[in-house]
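Reader: I would like to learn how to read a protein structure step by step. Could you take me through one, giving the general idea before each case?

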Amino acid sequence: MKITLLGCGGSAGVPMVGGDDGAGVWGQCDPSEPRNIRSRSSIVIEGDDGRRLLVDTGPDLRSQLLSARISAVHGVFYTHPHSDHVAGLDELRAINRVIDAPLPIAANAETMAELQSRFAYVFQPWNGEGFYRPVVEPQIVAERQFVAMCGLGFSVLGQRHGRIRSLGLRCGDFAYSTDVDFFDDGTLDALANLDTWVVGCFQHDPHPAHAWIDLVLEWRARIRPRRMVLTHMGPDMDYRTLCDELPEGVEPGFDGMVLESH
Ligand SMILES: [Zn+2]
Ligand SMILES: [Zn+2]
């Protein structure tokens, strides 16, 4: 199984729009380090048969797929309905054209309702003609459910994300857990014995809706993944500083990073 981190930034990306000269707000991140340029968080999981599952459709989706040289995906899993994870849904039209079919999407009931309210037109049945809009086939999934999609089988993991629930997934010995600040014991048990764990870690200091460094290290001490990769990082997470300060087995992700897991 091959996993590509399409993006590993927080909701505003790095750099954030702004700055005295318009060059962006970099926070603690060194602008000369290319791995500090972070688009909004999303991954692609490619199974052994070459089919791919996209996790989330953030506003950077088009440029992410082009940069990663990924020409098609065969299903989408949504973690939650925040804009940095759904606002690029319209870019799925290009995928419809490549695969010449409606695209299956999976989300929990709350996220699907939000998508139906914000993107009602993509849920209209396809008339078999050209794709002048995205066309999706919705599948509601629930926490602790096992889902089969585009040749992959994965468990849906429940998470707390501030005031809402978000979803993670475990596929084989790989798991993706972004936009989370608390796991119940059942989810922590489901994350045991991982080979590779990609986990959201927004900053150094505590945050009301996202994990921070000390918290993800506490989780790691309990579930003991072989390799842990941080994602959804904000502007105080300088790549090289993190490489120096994180313990062996934990590393910051970067846009375009490719991971192999089983
Ligand atoms: Zn987010
Ligand atoms: Zn979020």
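This is a predicted model: local features need pLDDT of at least 70, side-chain atom pairs count only at pLDDT 80 or more; totals for chains, interfaces and linings use all residues.

Reader: In what order do the 7 strands of the open sheet stand?

Author: Strands of a sheet pair through backbone hydrogen bonds, either parallel or antiparallel. Here the order is 7-8-9-10-11-12-13, and the pairing is mixed. Strand 7 (146-149) and strand 13 stand at the edges with a single partner strand each, so one side of each has no neighbour in the sheet. On average, neighbouring strands of this sheet are turned by 25° against each other, direction ignored, where axes are lines fitted to C-alpha atoms, for helices over the stretch in contact, and angles run from 0 to 180 degrees between N-to-C directions.

Reader: Which strands show the parallel and the antiparallel sense?

Author: Strand 9 (residues 164-171) and strand 10 (residues 174-177) pair in the antiparallel sense over 3 bridges, and leucine 169 stands opposite tyrosine 176 in strand 10. Strand 11 (residues 196-200), by contrast, pairs with strand 12 in the parallel sense over 5 bridges, with glycine 200 opposite threonine 231 in strand 12. Strand 12 also runs parallel to strand 13 (residues 250-252), to which 3 bridges join it, and there leucine 230 stands opposite proline 252.

Reader: Why is strand 12 described as largely enclosed?

Author: A residue is called buried under 20% relative accessible area, exposed over 50%, and partly exposed in between (1.4 Å probe, protein chains only). In strand 12 (residues 227-231), 4 of the 5 residues are buried, so the strand is largely enclosed by the rest of the structure.

Reader: What kind of unit do strand 11, helix 6 and strand 12 make?

Author: A crossover is right-handed if, with the strands pointing away from the viewer, the path from the first strand over the helix to the second runs clockwise. Strand 11, helix 6 (residues 213-223) and strand 12 make a right-handed β-α-β unit.

Reader: Which residues have the most contacts inside the largest nonpolar core?

Author: A nonpolar core is a set of buried Ala, Val, Leu, Ile, Met, Phe, Trp, Tyr and Cys residues joined through side-chain atoms within 4.5 Å. The largest one has 50 residues, and those with the most contacts inside it are Phe77, Phe154, Trp197, Trp219 and Leu230. Helix 6 gives the largest share of this core, 5 residues.

Reader: Is histidine 232, with its positive phi, buried or exposed?

Author: Histidine 232 has a phi near 50°, a positive value in a residue other than glycine, and lies in the loop between strand 12 and helix 7 (239-245). With a relative accessible area of 2%, histidine 232 is buried. Aspartate 100 also has a positive phi, of about 55°, although it is not a glycine, but at 54% relative accessibility aspartate 100 counts as exposed.

Definitions and conventions:
Residues are numbered from 1 along each chain as its sequence is written. Chains are lettered from A and ligands numbered from 1 in the order in which they are written. Side-chain values use heavy atoms; hydrogens and water are left out. Helices (H or I, at least four residues) and strands (E, at least two) are DSSP runs, numbered from the N terminus. Two strands pair if DSSP finds at least two bridges between them.
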